Each structure stands twice: as C-alpha cells, then as structure tokens.
Amino acid sequence: MTTFHPLQAEQWALKHFGAVDLGDRRRNQRAVRIAQGMASRSGKSIPKLFDRRADVKAAYTFMSRKEATPERLQTPHRNHVRAALGQAGTFLLLEDSSEFIWSRHQETPGLGRTGDLRSPVRQGFTLHTTLAVKWQKPHQQSGQRLPVQVLGILDQEYYLRQPAPTASEGDAERRQRENKESALWTRATERIGKGPDDQDVRWVRVCDRGADIEVFMRGVIAQGQGFVVRAAQNRRLLDPNARTRECIGHVFEAARAASPLEVTP
C-alpha cells in the first residue's frame, strides 16, 4: 500500500480534492485535511489518522454531514482521473463488486442483506468500483513488465441487495430481481461513457465473472471500449460464415486449446 510523505500527501489531497464543493468553505477544507491524513497514513483507522484529538472528532462530525456524499466528495477526483484517461496510452479499467458486512450490529437503517440468501442474515452493502490504471510498456532491454500506474477511481456505485424472495414470487419476478444486481455492470458502462476516438488512446475494461453477460459486452462494444472478462459460462461458438449459425465448439475448450498470446500495449 502506497504511503505519501506528509508534503506529498498535502499536494496530492489538494490536487484531487481541493475543488470539492460541500456548500461550506470549512467543510471543503476538512475534506482535504481528511484526504491528506489518509494518504500519509494509509490503512490506519480514523483515530490514528491525526495527532490531535480535535481533528479526529472533526472527521467523525464531517462524515455525519448529509452534504458529505460519496458523489460530491469524489467529483473532483474523478474529473482528474478522466482527464488523465485522455492522454496517449493503454488504460485498464479494473472493475468488481465488494461486500461490506456488519454482522454483529443491530439492524441498521440504510443497510441491506449481504451474502448468500441461504446463509444467516447479515447486513451491509455492495460497492461496485472501477479503478483506472495506466498500462506501462515493458522495459526495452530486459522485456520485464513494469507495474501499472494507478490513476484512481473512475466510477463507483453503492447497492443494497433486495429482500429475500417470497414463496409466491414467480419466475419473471425472480429474474427481474437478479437482473437488478447484474445491472451494476451495465450502469457503470453508461456512466463511464464513450471511449476515446483517438487511436493512440485505448480503454480496456477488466472484469470478474459477474460481467459475463451478453448485455454488458454489447454495451461495452457500443461505447468503443475493449474488455477482458473472466468467463463464467461455457458459451457456444458459432460459425459467423454459416447461414445456419452452426455451433463449432465451446469457449472453455477453445481457450484451453489456443496458444498463449503475447499482449503488448
């Protein structure tokens, strides 16, 4: 985990959160102060981010404010990331969902069901995040692949899982419920928007098996983006030249039989 020197942390916080607008100058300054603490002491809990107790108390007060929403806090940071994505290069948009669980707490308003519907009730929420990184070219002499350059969060959505299905729920209603969660991927595509027209700039969505749905892939192609999706379904392969769309194999078998590819930016 990267930790900044205090001066670097201050510069980073101002660059990514200095333009935040929470309706009050002091709240805007507090947002930068908290970001600076998180950058200089990565992975620490809020009480350990600051040396002064007053700053710890102010951070908790800040987070309880209705104005301090994720969207408003992240807007200047996301704008900075999107500007960086317009430069020449290959950019990977790493995307997945994470569950945040509070299993030992009493029922809390604003949290939903988490985990397997057959497991004991646990409350929390799902966070669907797209992290943008820049693909670095391999070293010219050694050919060694260099670490990616992390740009930041391009998109993020909070999701509360729907209540457990009832015995009277039909198949159509059940499918609609399931599609709501799978739509996290397609909604991210809509928010990320059109890929770059510049041939020197390339965006590639890199997703877990939750994105192995046709509507997601069609949407990404329509937006001019590339994608790499971990396969979840052993889909049929159709002959594009045959009028009858004859099946010529399946994805898993074809992938295992194919020769490895050398991927370059």
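Q: Is Cys-207 buried or exposed?
A: First, the ground rules: this is a predicted model, where local features need pLDDT of at least 70, side-chain atom pairs count only at pLDDT 80 or more, and totals for chains, interfaces and linings use all residues. Residues are numbered from 1 along each chain as its sequence is written, and side-chain values use heavy atoms, with hydrogens and water left out. Buried means under 20% relative accessible area, exposed means over 50%, and partly exposed is in between (1.4 Å probe, protein chains only). Cys-207 comes in at 7%, so the label is buried.

Q: What about Cys-247, and how many disulfides are there in total?
A: Cys-247 has a relative accessible area of 32%, so the label here is partly exposed. A disulfide is a pair of cysteine sulfur atoms within 2.5 Å. By that rule, the number of disulfides is zero.

Q: Why can we say that S5 is largely enclosed by the rest of the structure?
A: Strands (E, at least two residues) and helices (H or I, at least four) are DSSP runs, numbered from the N terminus. S5 covers residues 201-207. The strand is called largely enclosed because its buried residues number five of the seven.

Q: Which strands join up with S5?
A: Two strands pair if DSSP finds at least two bridges between them. S5 and S1 have seven bridges in the parallel sense, so they pass, and Phe-91 sits opposite Trp-203 in S5. Four bridges also link S5 in parallel with S6, where Arg-205 faces Phe-227. That gives us S1 and S6.

Q: Which strands run antiparallel to S3?
A: S3 is mostly covered, with ten of its 13 residues buried. Twelve bridges tie S3 to S1 (residues 89-102), three tie S3 to S2 (residues 112-114), and nine tie S3 to S4. Each of these pairings is antiparallel, so the names are S1, S2 and S4.

Q: What is the bridge partner of Ala-132 in S4?
A: Start with Ala-132 in S3, which stands opposite Leu-93. Now look over at S4. There, the partner of Ala-132 is Gly-152.

Q: Is Arg-113 buried or exposed?
A: Arg-113 belongs to strand S2 and stands opposite Gln-123 in S3. Its C-alpha is 9.4 Å from that of Thr-126, and the two are 13 residues apart in sequence. With a relative accessible area of 16%, below the 20% limit, Arg-113 is buried.

Q: How far apart in space are Arg-82 and Asp-155?
A: Arg-82 is in helix H4 and is partly exposed, at 32% relative accessible area. In sequence, Arg-82 and Asp-155 are 73 residues apart. In space, C-alpha to C-alpha, the gap is 9.9 Å.

Q: Which residues of H3 are exposed, on the other side from the buried ones?
A: The buried residues of H3 are Asp-55, Val-56, Ala-59 and Phe-62. They cover an arc of only 125° around the axis, so they share the same side of H3; the arc is that of the directions from the helix axis to the C-beta atoms. On the other side, the exposed residues are Arg-53 and Lys-57.

Q: Which element gives the largest share of the lining of the largest pocket?
A: On a 1 Å grid over the protein atoms alone, a pocket is an open set of points where a 1.4 Å probe fits, with protein on both sides within 12 Å along at least five of seven lines, and lining residues have an atom within 4 Å of a point. This one is lined by 33 residues, with Trp-12, Phe-17, His-77, Gly-152 and Ile-153 nearest its centre. Among the elements that give two or more residues are H1 (6-17), H4 (70-84) and S4 (149-159). The largest share, seven residues, comes from S4.

Q: Which element gives the most to the lining of the second largest pocket?
A: That pocket has 16 lining residues, and Met-217, Arg-235, Arg-236, Leu-237 and Val-251 lie nearest its centre. The elements with two or more residues in the lining are H6 (214-222), S6 (226-229) and S7 (236-238). With four residues, the top giver is H6.
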